[in-house]
Amino acid sequence: MGEKLKLFVCTKGKHCKKQGAKKVYCAMLEQLEEMGLEDDVCLKKSECLGQCSKAPAVQVKPHNYYYGKIGPDDCEKIIKSLETPKKTKPVKKLLIKR
Ligand code: FES
């Protein structure tokens, strides 16, 4: 078994907070529950992820990629991409390019 997937939603950083990160967190949670993945993916509220210009930001671990400018409507796509953890492919359109 590999490391458990973790999703960090920056809800505590001021930029993400202003851009509705709480709603993103709630939408992620809802989506996880809807798909029965709440035991497979660990959802966390996080401090600033250093991606403030792309707020609200989300980090996926252990893959270590970031999503930016996420809205509640994007959560379904993101969670679906995590459904088969071994084959996890990021949702390219939402990735923060580095
Ligand atoms: S405030 Fe959210 S990434 Fe910085």
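**Figure 1. Val58 of strand β3 and its partner in β4.** V58 has Y67 as its bridge partner in β4. Strand β3 (residues 58-61) and β4 run antiparallel and are joined by 3 bridges; two strands count as paired if DSSP finds at least two bridges between them. Helices (H or I, at least four residues) and strands (E, at least two) are DSSP runs, numbered from the N terminus. The model is predicted: local features require pLDDT of at least 70, side-chain atom pairs count only at pLDDT 80 or more, and totals for chains, interfaces and linings use all residues. Residues are numbered from 1 along each chain as its sequence is written.

**Figure 2. The largest nonpolar core.** Such a core is a set of buried Ala, Val, Leu, Ile, Met, Phe, Trp, Tyr and Cys residues joined through C-beta atoms within 7 Å. Among the 22 residues of the largest one, V9, V24, M28, A57 and V58 touch the most other members. At least two residues each come from β1, α2, β3, β4 and α3 (75-81), and α2 gives the most, with 6 residues. Beyond its neighbours within four places in sequence, V9 is in contact (C-beta atoms, placed from the backbone, within 7 Å) with A21, V24, Y25, M28, K45, S46 and V58.

Figure 3. K45 lies in β2 and counts as exposed because it has 12 C-beta neighbours inside 10 Å. A residue is buried if 20 or more other C-beta atoms lie within 10 Å of its own, exposed if 12 or fewer, and partly exposed in between; C-beta atoms are placed from the backbone. With neighbours within four places in sequence set aside, K45 is in contact with V9, T11, K12 and Y25. K45 and Q19, 26 residues apart in sequence, lie 15 Å apart in space, C-alpha to C-alpha.

Note on methods. Two residues are in contact if their C-beta atoms, placed from the backbone, lie within 7 Å.
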